[in-house]
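Thanks for coming, everyone. Let me put the chain up, and then we walk through it.

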Amino acid sequence: MERTIEYRIDGSSDGLRVEQFLRRKGYSCQNLAQIKRMPKSILVGGVHYYMRDTLHAGDCLHVHIQETSSSEKIPPTKLPLNIVYEDEDLIVIDKAAGMPIHPSMNNYTHSVANALAWYYKEQGKPFIFRCCNRLDRDTSGITVVAKHLVSGNILSAATHDRKICREYLAIARGSVTPKKGTIDVPLSRKEGTVIERVADPEHGEYAVTHYQVIHEANGHSLVSLALETGRTHQIRIHMKYIGFPLIGDYLYNPDMEHMKRQALHSHRVSFPHPITGEAMEFTAPLPEDMRNVIGIQETA
């Protein structure tokens with residue numbers, strides 16, 4: 001994937017070295033090391049600059065990112081993709097339930113990564129898969145993928161710094177009470193398994209989920225959940241911890257009467273754009289299987 005990023009140097013950056021300026025823009029040391037090895041990667045006024053060279057107010061700095069290889073072990077596969085948004089730096093997908101994010105030993109070709117590999121191969125573009133908010137296979141909704149090494153690093157840092165806000169919708173049987181609250185319960189891996197997690201107040205990793213019931217119908221509650229942290233299976237374990245596990249959850253609550261997968265949907269994701277800093281927000285409507293349980297009609 002190729003991308004040329006342009007920066008206009010103003011008075012506040014006058015006298016900075018190229019590397020100092022780019023570090024302030026969120027480039028990691030690894031990003032800089034990789035970019036240095038790319039031909040004609042740093043140009044100022046059309047002249048090649050080194051990372052140690054000095055910038056001056058009024059300069060026009062161009063960073064030319066050139067990734068020529070693709071992710072290994074991700075065979076391109078022609079699969080449907082619901083693309084919500086795409087620009088030179090990221091692509092946003094409304095992922096269907098049942099589609100894993102990454103290939104696995106038992107599912108090597110039917111994943112978001114495989115589909116994107118095909119999508120870019122058809123365009124003649126190399127593509128390294130960098131997913132910024134990994135969803136479980138059976139969780140539907142918004143997922144964000146970076147298109148090059150710089151946007152990938154900056155989005156990763158934004159996740160670490162909690163600048164990416166994620167709202168999920170989930171369904172639990174019964175009337176969730178209290179209707180609003182915060183679940184602050186550490187989580188850890190369940191002994192004897194690499195998949196399952198458990199609430200572990202004494203030894204687990206810090207995990208916080210904020211929730212609010214937004215609709216009740218047909219003996220079920222539709223709950224909005226905002227993640228403060230992003231632990232594996234966090235929502236599924238936290239909802240079970242307060243006594244209202246998600247329906248259809250084969251691991252933690254095999255209540256399959258109305259759903260054949262966990263009733264969890266990545267509804268809204270917002271974050272500053274990794275290059276421009278512009279506020280971005282994306283939403284995915286509640287999928288049909290969840291709407292049917294809660295009795296909500298599809299809106300245009």
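Start with H267: buried or exposed? H267 counts as buried, because its relative accessibility is 16% and buried means under 20% relative accessible area, with exposed over 50% and partly exposed in between (1.4 Å probe, protein chains only). H267 sits in strand β15. Its contacts are I142, E167, Y168, L169, F282, T283 and A284, leaving out residues up to four places away in sequence. Contact here means heavy atoms within 4.5 Å.

A word on the source. This is a predicted model, where local features need pLDDT of at least 70 and side-chain atom pairs count only at pLDDT 80 or more, while totals for chains, interfaces and linings use all residues. Residues are numbered from 1 along each chain as its sequence is written, and side-chain values use heavy atoms, with hydrogens and water left out.

Now the whole chain. There are 300 residues, and 48% of them count as buried. The C-alpha trace spans about 65 × 45 × 40 Å along its principal axes. I count six helices and 16 strands. Those are DSSP runs, numbered from the N terminus: helices are H or I with at least four residues, strands are E with at least two. Take the contacts with a separation of 6 or more: 65% of them join residues 24 or more positions apart.

Next, the sheet at the start of the chain. Strands of a sheet pair through backbone hydrogen bonds, either parallel or antiparallel. In this open sheet of four strands, the order is β1-β4-β2-β3, and the pairing is antiparallel. Two strands pair if DSSP finds at least two bridges between them. The edge strands are β1 and β3 (47–48), each pairing on one side only. β1 and β4 are joined by seven bridges. One of the pairs there is E2 with Q66 in β4. β2 and β3 have two bridges, and V44 has V47 in β3 as its bridge partner.

β1 also has two faces. R3, I5 and Y7 are on the covered face, while E2, T4, E6 and R8 are on the uncovered one.

That brings us to the core. A nonpolar core is a set of buried Ala, Val, Leu, Ile, Met, Phe, Trp, Tyr and Cys residues joined through side-chain atoms within 4.5 Å. The largest one has 23 residues, and L22, Y27, I42, L61 and V63 have the most contacts inside it. Elements giving two or more residues to this core are β1 (2–8), α1 (18–24), α2 (29–36), β2 (42–44), β4 (60–66) and α4 (149–160). What does Y27 touch? Beyond four places in sequence, Y27 touches I5, Y7, L22, L32, I35, V63, V150 and N153.

Helix α3 (residues 112–121) is mostly covered, with seven of its ten residues buried. Those are V112, A113, N114, A115, L116, A117 and Y120. The cover includes β5 (83–86), β6 (90–95) and β8 (140–146). α5 is mostly covered too: six of its eight residues are buried, namely Q234, I235, R236, I237, H238 and M239. After α5 comes G243, with a positive phi near 95°.

On a 1 Å grid over the protein atoms alone, a cavity is a set of points where a 1.4 Å probe fits but cannot get out, and a pocket is an open set with protein on both sides within 12 Å along at least five of seven lines; lining residues have an atom within 4 Å of a point. Grid points are joined across faces, edges and corners, and a volume is the space filled by probe spheres set on the points.

The largest pocket has a volume of about 1,500 Å³. It has 49 lining residues, and R134, L135, D136, T232 and H233 are the closest to its centre. Which element supplies the largest share of the lining? α4 does, with six residues. By class, the pocket lining has 18 nonpolar, 18 polar and 13 charged residues. Ala, Val, Leu, Ile, Met, Phe, Trp, Tyr, Cys and Pro count as nonpolar, Asp, Glu, Lys and Arg as charged, and the others, Gly among them, as polar.

Last, one cavity of 30 Å³ or more turns up. Its lining is C132, N133, V144, L155, I164, V269 and F271. Six of those are nonpolar, one is polar and none is charged.
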